[in-house]
Amino acid sequence: MTERIYLSSQTLVADIEVIDCIPREDERYSIRLKSTIFHPQGGGQPSDIGWLNDVEVVHVSEENGEIIHLTTKPVPLGNVFARIDGDRRQLHSRLHSAGHLIGHVGELAMWRPIKAHHWPGESKVVFKPEAGAKNMSVEDIQISCEYYVMQDLSCNITLRDDGFREVSFGHFTPYPCGGTHVASLGQLKGINIQTVQIKKGNLTVYYDIA
Ligand SMILES: [Zn+2]
């Protein structure tokens, strides 16, 4: 199993060992690494992209517990220099962290987050009502989010003994999460709540970030 450096470290570069490199029918190469700084697609977040030496990593996925890095060219076995596309990582981390924040804001109004999708251009959080759920308008959510962004609450990550990880911002209740996050909510300036929809009793909040 690939060791997941990205769960405990935000590093964007590392010396990493290539275990195997297998050509595929689509002219991509399937690379397994001993340990990885690349966040695979999953948990509502797109994968990191980047480079192994000068070879592009175009997608990263999780298959049967292994992390598979797709590259455009073969990569030599042994040590390589891995680099993450930092701009893309930052955008994904901001969108994903904004999802956490919107989840917390919903919980304050007695809505429980049940699903989230943090892809650029299509980010949303879906909530189920708890007893006493209050109406939330676009403006209500926007103002609450801006308040916590201004407070710049910091991200706290706890790795549990069973391998799971919990992530919280400031005093809010932690969520189990394997995604990537901003160090503090101040980095979410430009968060923009777009629409709020109620369908079959569930509430969906659509958002983006400038
Ligand atoms: Zn998260």
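This is a predicted model: local features need pLDDT of at least 70, side-chain atom pairs count only at pLDDT 80 or more; totals for chains, interfaces and linings use all residues.
In what order do the 4 strands of the open sheet run, and with what pairing? The order is β9-β10-β15-β14, and the pairing is antiparallel. Two strands count as paired if DSSP finds at least two bridges between them; strands (E, at least two residues) and helices (H or I, at least four) are DSSP runs numbered from the N terminus. At the edges sit β9 and β14 (191-199), each pairing on one side only. From one strand to the next, the twist averages 25 degrees. Angles here run from 0 to 180 degrees between N-to-C directions, with axes being lines fitted to C-alpha atoms, for helices over the stretch in contact.

Residues are numbered from 1 along each chain as its sequence is written, and side-chain values use heavy atoms, with hydrogens and water left out.

Within the sheet, β9 is joined to β10 (residues 123-129) by 6 bridges, the two strands running antiparallel. R112 has K128 of β10 as its bridge partner, while H117 stands opposite K124 in β10. These two strands form a hairpin with 5 residues between them, and G121 in the turn has a positive phi of about 85 degrees. On to the next pair: β10 and β15 are antiparallel and joined by 5 bridges. Here K124 stands opposite Y206 in β15.

Helix α2 (residues 138-151) lies across β14 and β15, running at about 140 degrees to β14.

The largest pocket also draws on these elements: α1 (86-108), β9 (111-117) and β13 (175-176) each supply at least two residues of its lining. Of the 14 lining residues, P113, K115, A116, H118 and Y175 lie nearest the centre of the pocket. A pocket is an open set of points on a 1 Å grid over the protein atoms alone, where a 1.4 Å probe fits, with protein on both sides within 12 Å along at least five of seven lines; lining residues have an atom within 4 Å of a point.

Conventions. Contact means heavy atoms within 4.5 Å.
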